[in-house]
Amino acid sequence: MKIPVKGTAEAQRREKMAQHACPIPDAVVSCLRRKLGNNRYAAWFSDVVVIASDSGKVTLSAGTRFRSDRINSNYDVDLVQAWQTLDPEIHRVTAIASLPRPQDERTAASSN
């Protein structure tokens with residue numbers, strides 16, 4: 001997955017979603033802490049925010065690509081189960097990397 005470069009449609013979509021970011025609901029946090037333990041939760045989810053929720057799908061912003069990939073591969077089932085405590089219709093929870101910081105954009109653009 002390439003990091004979106006500022007000005008692209010993908011970057012604009014993520015910027016718009018990030019403007020509406022909110023913390024993970026307390027009920028979901030509590031469920032994840034019970035299941036994963038405080039240390040593992042803090043290591044992987046402490047700065048994760050919700051950026052979209054629609055039609056049974058929740059999208060999280062997880063900071064880095066490494067973190068989003070790890071969350072998606074290792075905690076996908078745990079996330080869906082935790083979110084279903086709030087809404088049984090949730091069937092998918094996906095973490096994405098945040099937009100790159102300005103100094104990262106030059107690096108992303110030069111690697112294209």
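Which residues does Thr59 touch, not counting residues up to four places away in sequence? In this predicted model, Thr59 touches Val49, Val50, Ile51, Ala52, Thr94 and Ile96.

## Thr59 and strand 3

Thr59 lies in strand 3, which covers residues 57–61. Is Thr59 buried or exposed? Its relative accessible area is 12%. The cut-off for buried is under 20%, so Thr59 counts as buried. Strand 3 as a whole is mostly covered. Four of its five residues are buried.

## Strand 3 and its partners

Start with strand 2, residues 49–54. Strand 2 and strand 3 pair in the antiparallel sense. Five bridges hold this pairing. Look for Val49, which stands opposite Ser61 in strand 3. The two strands form a hairpin, with two residues between them. Ser55 sits in that turn and has a positive phi of about 50 degrees.

Now turn to strand 4, residues 92–96. Strand 3 and strand 4 run parallel. Five bridges join them.

## Thr94 in strand 4

Thr94 is found in strand 4. Its relative accessible area is 13%. That is why Thr94 counts as buried. Its side chain also makes a polar contact of 3.1 Å with the side chain of Arg92.

What does Thr94 touch, not counting residues up to four places away in sequence? The list is Lys57, Val58, Thr59, Leu60 and Asn72.

## Aromatic pairs

How many aromatic pairs does a search of the whole structure find? It finds three. One of them joins Tyr41 and Phe45. Their ring centres are 5.6 Å apart, and 20 degrees separate the planes. Planes under 30 degrees apart count as stacked, so this pair is stacked. Tyr41 and Phe45 both lie in helix 3, residues 38–45. They are four residues apart, about one turn of the helix. Tyr41 counts as buried because its relative accessibility is 6%. Phe45 counts as buried because its value is 0%.

Trp44 and Phe66 form another aromatic pair. This one is tilted, at 5.9 Å centre to centre and 40 degrees between the planes. The pair links distant parts of the chain. Trp44 is in helix 3, Phe66 is in helix 4 (residues 65–74), and they are 22 residues apart. Phe66 is exposed, with a relative accessible area of 56%.

There is also a cluster to find. Ring pairs link Tyr41, Phe45 and Tyr75.

## Helix 3 against helix 4

Two packed helices are described by the angle between their axes and the distance between the axes. The axes of helix 3 and helix 4 come within 10 Å. They cross at roughly 135 degrees. That makes helix 3 oblique to helix 4.

Which residues make the contact? Helix 3 supplies Ala43, Trp44 and Phe45. Helix 4 supplies Phe66, Arg67, Arg70 and Ile71. Trp44 and Phe66 are on this list, and they also form the tilted ring pair.

Technical notes. Residues are numbered from 1 along each chain as its sequence is written. This is a predicted model: local features need pLDDT of at least 70, side-chain atom pairs count only at pLDDT 80 or more; totals for chains, interfaces and linings use all residues. Side-chain values use heavy atoms; hydrogens and water are left out. Rings of Phe, Tyr and Trp (its six-membered ring) pair if their centres lie within 6.5 Å; planes under 30 degrees apart count as stacked, over 60 as edge-to-face and the rest as tilted. Buried means under 20% relative accessible area, exposed over 50%, partly exposed in between (1.4 Å probe, protein chains only). A polar contact is a pair of N or O atoms within 3.5 Å; within protein, one must be able to donate a hydrogen and the other to accept it, and residues adjacent in sequence count only if both atoms are side-chain atoms. Contact means heavy atoms within 4.5 Å. Two strands pair if DSSP finds at least two bridges between them. Axes are lines fitted to C-alpha atoms, for helices over the stretch in contact, and angles run from 0 to 180 degrees between N-to-C directions. Angles under 35 degrees count as roughly parallel, over 145 as roughly antiparallel, 65 to 115 as roughly perpendicular and the rest as oblique.
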